Amino acid sequence: MTPSGADGAQAPAGRPGPTPSASSGPATPPVLTPGKPIRLARGALIAEVQPGCGARLSRLARRDTRGDLFDYLVPLGNEPFSSDEWPKAGAFPMLPYTNMLRDDTLHWRERTLTVREAPVASSSLHGWGLRREWEVVDESSHCCVLQLDCPAQPEWPWHYQAYLSVTLDEHGLDMQLSLTNLSTQEMPAGLGLHPYFRWPAGARLTFESEALWRSPSEDIRWPSEQRVHVGPMEVVSVGGGLDTGGRSTWFAEVPSESGRFDARIDYAGGLRSATVRSDNATWLVLHSPAGRPYLCLEPSTHRVGEFDSDHVVLTHGQTLDLSMRIDLG
């Protein structure tokens with residue numbers, strides 16, 4: 001597709017962008033290699049951030065009086081990984097949209113955009129922020145700020161800039177994500193944050209939502225079955241999974257009364273907990289495949305699979321923000 005009238009210049013040399021094949025053989029996705037992390041510490045809490053691996057929060061843990069660490073998130077580790085087959089670990093930003101687009105396609109006004117970076121990427125899952133190296137623009141003992149500049153390209157013919165700040169205090173961690181349209185034309189936009197919490201057998205999740213949606217099967221990942229619910233929901237882990245129907249993903253609408261999400265994990269024994277809060281997300285995606293001991297609690301600004309109609313429109317210079325607070329007990 002050749003964007004007409006859009007800021008559709010290719011990414012300059014040295015800029016993050018699609019990685020073309022260097023030979024006549026099939027293209028392969030870029031490989032991300034964890035390096036020396038940014039280490040944050042406050043009281044008994046520690047956090048690590050990998051700017052070169054999609055601005056991923058690679059560890060979030062508490063050190064007890066004996067020096068032992070309790071990891072709230074699944075730690076990332078040190079092994080290189082494909083940008084298309086990332087470890088189910090840490091927490092990463094999703095932008096300029098979240099989760100999936102139907103058929104990797106965006107219908108924008110009178111145009112149809114194939115957003116997948118073919119033939120490099122296998123899909124457009126979760127956008128491009130997690131596949132890029134971010135620049136560190138500020139760093140201290142308890143906070144860091146990362147920047148991502150994405151020039152327009154055929155797969156996304158808008159120039160945008162993103163910032164992610166990660167701040168640790170003695171009670172938990174704040175992640176603040178922003179996206180600014182630098183193009184002259186209006187741009188559709190969405191944001192999300194994607195943590196992988198440890199979800200061992202016996203852990204308990206509680207949350208509230210205005211309505212709970214589910215996909216009809218694991219083969220169809222769109223929220224299509226609505227279940228209106230009033231009052232708290234509770235799920236107890238048996239080592240992975242969310243329901244007896246074998247479906248790994250739920251989609252929760254923000255409670256209309258409070259206007260924010262509060263989802264709490266209590267770990268077995270009652271000694272540790274993690275609470276995810278977001279004041280400006282409209283959806284919370286809950287994801288835990290059966291047999292996999294992790295739980296994703298993903299605040300998002302739009303409904304999965306409905307980005308064609310459910311998005312924010314940013315004019316030149318406008319910014320979209322998303323926050324996530326993780327309180328740790």
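Predicted model: local features only at pLDDT ≥ 70, side-chain atom pairs only at ≥ 80, totals over all residues.
1. Two strands pair if DSSP finds at least two bridges between them.

2. Now follow the chain from β23 into β24. The two strands form a hairpin with six residues between them, and Gly 291 there takes a positive phi near 80 degrees. Ala 290 also has its place in the loop between β23 and β24. Is Ala 290 buried or exposed? Its relative accessible area is 64%, so Ala 290 is exposed. How far is Ala 290 from Gly 241 in space? The C-alpha atoms of these two residues are 3.9 Å apart, although 49 residues separate them in sequence.

3. Counted along the strand, seven of the seven residues of β24 are buried. β24 also pairs with β15, in the antiparallel sense and over four bridges. Within that pairing, Gly 192 has Ser 300 of β24 as its bridge partner.

4. These strands turn up again at the largest pocket. β15 (192–198), β20 (249–253), β23 (283–287) and β24 (294–300) each supply at least two residues of its lining. The volume of this pocket is about 450 Å³. Which residues lie nearest the centre of the largest pocket? They are Met 100, Leu 125, His 126, Arg 221 and His 287, out of 24 lining residues. By class, the lining of the largest pocket is made of nine nonpolar, eight polar and seven charged residues.

5. Next, have a look at the open sheet of nine strands. Its order is β10-β11-β12-β13-β26-β22-β21-β16-β19, with antiparallel pairing. The edges are β10 (135–139) and β19 (233–236), each of which pairs on one side only. Neighbouring strands of this sheet are turned by 15 degrees against each other on average, direction ignored.

6. Strand β12 (residues 160–168) pairs with strand β13 (residues 172–181) over nine antiparallel bridges, and Gln 161 stands opposite Thr 180 in β13. Strand β21 (residues 261–266) is joined to β22 by six bridges, again antiparallel, with Arg 277 in β22 as the bridge partner of Asp 262. The hairpin of β21 and β22 has six residues between the strands, and Gly 269 in the turn has a positive phi of about 95 degrees. On to strand β26 (residues 319–328): four bridges join it to β22, and the two run antiparallel. Here Thr 275 has Asp 327 in β26 as its bridge partner. Strand β22 (residues 273–278) is mostly covered, with five of its six residues buried.

7. Some backbone details deserve a second look. Most residues other than glycine have a negative phi, and most peptide bonds are trans. Against that background, Leu 95 and Pro 96 are joined by a cis peptide bond, with omega about 0 degrees. Pro 96 sits in the loop between β7 (91–94) and β8 (105–108). Asp 103 lies in the loop between β7 and β8 as well, and it has a positive phi of about 60 degrees although it is not a glycine. Arg 109, found in the loop between β8 and β9 (111–114), is not a glycine either, yet its phi is positive at about 55 degrees. Asp 103 counts as exposed because its relative accessibility is 71%, and Arg 109 counts as exposed because its value is 57%.

8. Last, the cysteines. How many disulfides does the structure hold? The structure holds zero disulfides. Cys 143 is in no disulfide, and the nearest cysteine sulfur, that of Cys 144, is 6.3 Å away. Cys 143 counts as buried because its relative accessibility is 17%, with buried meaning under 20%. Cys 53, at 0% relative accessibility, therefore counts as buried too.

Conventions
Residues numbered from 1 in each chain as written. Heavy atoms only, no water. 1 Å grid on protein atoms, 1.4 Å probe; cavity = no way out; pocket = protein on both sides within 12 Å on 5 of 7 lines; lining within 4 Å. Points joined across faces, edges and corners; volume = space filled by probe spheres on them. Nonpolar A, V, L, I, M, F, W, Y, C, P; charged D, E, K, R; others polar. Disulfide = S-S within 2.5 Å. Buried < 20%, exposed > 50% of the residue type's maximum accessible area, 1.4 Å probe, protein only. Axes fitted to C-alpha atoms, helices over the stretch in contact; angles between N-to-C directions.
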